[in-house]
Amino acid sequence: MRKLKKPLKGVSYHLFLLFLGFLMVYPVLWMVSSSFKTNTEIFNTASLLPNKFDFSSYARGLRGVGGVPFAVFFRNSFFYVILATVGAVFSSAIAAYGFARLKFFGRNFWFVCMLLTMMLPYQVIMIPQFILFFQIGWVNSFKPLIIPAFMGHPFFIFLMMQFIRGLPVELDESAKIDGCNRFQIFSRIIFPLITPALITSTIFQFYWTWDDFMRPLLFLNSPRLYTVSLALRMFSDPMTSTDWGAIFAMGALSLLPIIIVFLSFQKYLVQGISTTGLKN
Amino acid sequence: MAKATLGNKLRMKPRMNYGGAKTRIRAGFWDQVAAYLYISPWLIGFLAFTIIPVLSSLYYSFSQYNLFSPPVLQGIANYRQMLNDQLFWKSLFVTLHYAFVSVPFRLLFALAIAVLFNRKAKMLRFYQTVYYLPSIIGGSIAVAVMWRRLFLSDGAVNAALALIGVQSDLSWIGNPRTALWTLIILAVWQYGSSMLIFLAGLKQIPDSYYEAAEIDGANPWQKFIKITIPHLTPVIFFNLVMQLINGFTVFTQAFIISNGRGDPLNSTLVYALYLYRRAFEYSQMGYASAMAWVLVLIIAVFTALIFKSSSFWVYYETKEDSK
């Protein structure tokens with residue numbers, strides 16, 4: 001391309017990118033390969049090839065920790081992530097429609113409030129939220145993790161609003177003439193048309209909740225309720241002798257859903273990031 | 001306030017003449033009710049899980065509160081106590097160090113890679129996937145735990161250094177001088193989002209600018225400095241603000257890498273971690289709330305400073321320019 005004179009050309013360009021790319025993913029490859037190594041083989045080596053493939057780490061990992069099999073942690077994580085994601089995306093879509101298409105008293109005010117909450121560090125509301133949930137007996141259950149998600153997420157509301165505003169108002173008007181009521185305009189016309197924004201939001205919410213550590217740490221106490229993140233942390237507790245092979249095996253498994261979602265929806269993700277600068 | 005201005009600068013401010021305004025000149029009572037029903041999920045959540053907590057937090061910050069007996073107002077004692085709290089200053093310093101080193105490095109790195117990707121070449125999609133992968137998984141506990149293992153004295157980093165002839169049995173995690181750097185490297189490693197944003201910005205720069213510069217005899221470096229960088233300043237600005245805020249509130253990675261304690265010698269005791277320990281290990285909810293408000297203040301000050309400085313270095317294309 002003409003834009004910038006190429007700092008590197010042809011073969012050297014590709015060699016350089018391949019080498020740098022290898023360095024970038026090396027830690028991940030190392031973790032995956034270590035999950036197939038025996039525990040003594042993990043130390044003092046940067047090698048990516050196990051002497052022989054050993055699956056016992058996976059067996060030990062799946063046995064779990066604290067008497068809870070690892071499958072339970074995966075079930076907990078999926079339960080939490082799926083409910084929180086569905087809730088956040090649907091509520092955000094409904095609120096986004098309200099903000100983008102309906103005229104009401106105080107719209108500007110509430111909209112600014114919503115933007116402001118995006119800037120508020122979680123540390124401010126973390127303590128009162130904990131006390132609130134503690135007092136109403138929600139601590140040590142999934143309620144404090146899932147129910148707030150059903151209240152929508154400002155980032156997604158904003159993203160979907162942008163999308164809805166891109167749709168011509170004539171669509172709404174003609175649907176109205178055809179006899180659609182307000183909710184039908186939303187559910188039959190708007191909702192299907194903002195699918196890309198819905199997918200982008202779904203992916204982000206999936207990542208954020210799957211990786212979420214702080215809130216499960218605050219709100220879940222008994223190991224039977226632990227998510228994968230908490231379980232991995234408990235697994236790697238330096239107070240006990242650490243079974244690194246098992247940790248890497250379960251760690252690699254825990255990354256699988258993220259990587260699968262990434263590879264299948266890459267397009268939406270890249271779009272979402274480049275258009276909104278959305279990030280964790 | 002800061003938010004509204006941010007919205008302005010990023011041209012995010014909603015145009016308020018869209019949608020309903022055309023169809024209903026004046027929204028009637030039931031239209032109002034309907035509209036509020038639509039935003040009610042968000043509105044209820046906002047009031048219950050944001051506004052009430054924010055106000056309570058402010059109240060707690062002026063109280064003594066240990067969770068088991070009701071909060072007792074005690075004026076600015078918490079804030080005054082902070083002034084003499086060595087660990088508070090330490091954690092503040094650690095956090096500023098972390099944020100002001102990791103964010104510029106990450107942005108530089110993201111920009112360099114984005115420039116490399118901004119051309120027509122084979123396999124670019126594949127490279128992008130590979131280069132973006134660390135950012136996708138970088139926030140997970142699995143990676144944070146693995147990072148710890150990599151930088152221990154018998155970890156893969158020292159083994160890799162031995163391969164290139166550097167003998168080291170340093171535990172990067174265990175040494176107070178290097179521990180924070182492992183966190184910084186982990187943060188820089190997740191440059192992917194900034195890279196994508198830069199790449200989108202680079203693609204929007206019109207080719208004609210470069211062609212004109214070439215005719216005038218500009219070399220590649222001059223073109224980069226005089227055309228590319230100025231065009232990217234709005235993007236850099238946006239990234240800088242958002243990532244500094246993220247940097248100031250870093251918690252999870254520090255928690256995992258430092259055993260949840262900020263080890264060794266509090267060298268990785270970031271602000272959010274110290275706040276967490278005060279609240280949930282020592283049950284000092286009042287003191288921790290006061291710390292949270294100081295954090296808000298710090299973020300507000302730095303955001304305001306960046307905004308103030310932006311008129312000197314952020315270049316916004318005017319409408320006429322882009323036509």
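Author: A residue counts as buried if 20 or more other C-beta atoms lie within 10 Å of its own, as exposed if there are 12 or fewer, and as partly exposed in between. The model here is predicted. By that rule, buried residues make up 41% of the 323 residues in chain B.

Reader: What share of the 280 residues in chain A is buried?

Author: In chain A the buried share is 45%.

Reader: Why is Met123(B) called exposed?

Author: Met123(B) has 12 other C-beta atoms within 10 Å. The limit for exposed is 12 or fewer, so a residue with that count is still called exposed. Met123(B) sits in the loop between α5 (86-117) and α6 (124-137) of chain B.

Reader: Is Ser283(B) exposed or partly exposed, and how do you know?

Author: Ser283(B) has 14 other C-beta atoms within 10 Å, so it is partly exposed. Ser283(B) belongs to the loop between α14 and α15 of chain B.

Reader: Why is Val314(B) not called buried?

Author: Val314(B) has 19 other C-beta atoms within 10 Å, which makes it partly exposed. Buried would need 20 or more. Val314(B) lies in the loop between α15 (285-313) and α16 (319-322) of chain B.

Reader: Which bond in chain B is called cis?

Author: The peptide bond that joins Asp263(B) and Pro264(B) is cis, with omega at about -15 degrees. Pro264(B) is in the loop between α13 (252-257) and α14 (271-280) of chain B.

Reader: How many helices and strands do the chains have?

Author: Chain A has 14 helices and zero strands. Chain B has 16 helices and two strands.

Reader: What makes you say that the buried residues of α5(A) line one face of the helix?

Author: The buried residues in α5(A) are Phe111(A), Met114(A) and Thr117(A). Seen down the axis of α5(A), the buried residues fall within an arc of 120 degrees, so they line one face. An α-helix has 3.6 residues a turn, so residues three or four places apart point the same way. On the other side of α5(A), Asn108(A) and Phe109(A) are exposed.

Reader: What do the buried residues of α5(A) pack against?

Author: They pack against α4 and α8 (154-165) of chain A, together with α3 of chain B.

Reader: Which residues have the most contacts inside the largest nonpolar core?

Author: They are Ala96(A), Ile157(A), Met160(A) and Phe198(B), in a core of 163 residues. Helix α4 (residues 70-101) of chain A gives the largest share of this core, 14 residues. Not counting residues up to four places away in sequence, Ile157(A) touches Ser92(A), Ala95(A), Ala96(A), Phe99(A), Met114(A), Gly152(A) and Trp42(B).

Reader: How many residues does each chain give to the contact between chain A and chain B?

Author: Chain B gives 90 residues and chain A gives 84. On the side of chain B, the largest share, 19 residues, comes from helix α3 (residues 29-61) of chain B. That side has 62 nonpolar, 18 polar and ten charged residues.

Reader: Into which domains is chain A divided, and where do their C-alpha centres lie?

Author: Chain A is divided into domain 1 (10-61) and domain 2 (64-276). Their C-alpha centres lie 32 Å apart. The contact between them takes twelve residues from domain 1 and ten residues from domain 2 of chain A.

How values were computed
Residues are numbered from 1 along each chain as its sequence is written. Chains are lettered from A and ligands numbered from 1 in the order in which they are written. This is a predicted model: local features need pLDDT of at least 70, side-chain atom pairs count only at pLDDT 80 or more; totals for chains, interfaces and linings use all residues. Two residues are in contact if their C-beta atoms, placed from the backbone, lie within 7 Å. Helices (H or I, at least four residues) and strands (E, at least two) are DSSP runs, numbered from the N terminus. Ala, Val, Leu, Ile, Met, Phe, Trp, Tyr, Cys and Pro count as nonpolar, Asp, Glu, Lys and Arg as charged, and the others, Gly among them, as polar. A nonpolar core is a set of buried Ala, Val, Leu, Ile, Met, Phe, Trp, Tyr and Cys residues joined through C-beta atoms within 7 Å. The arc is that of the directions from the helix axis to the C-beta atoms. Domain bounds come from an automatic or database domain assignment.
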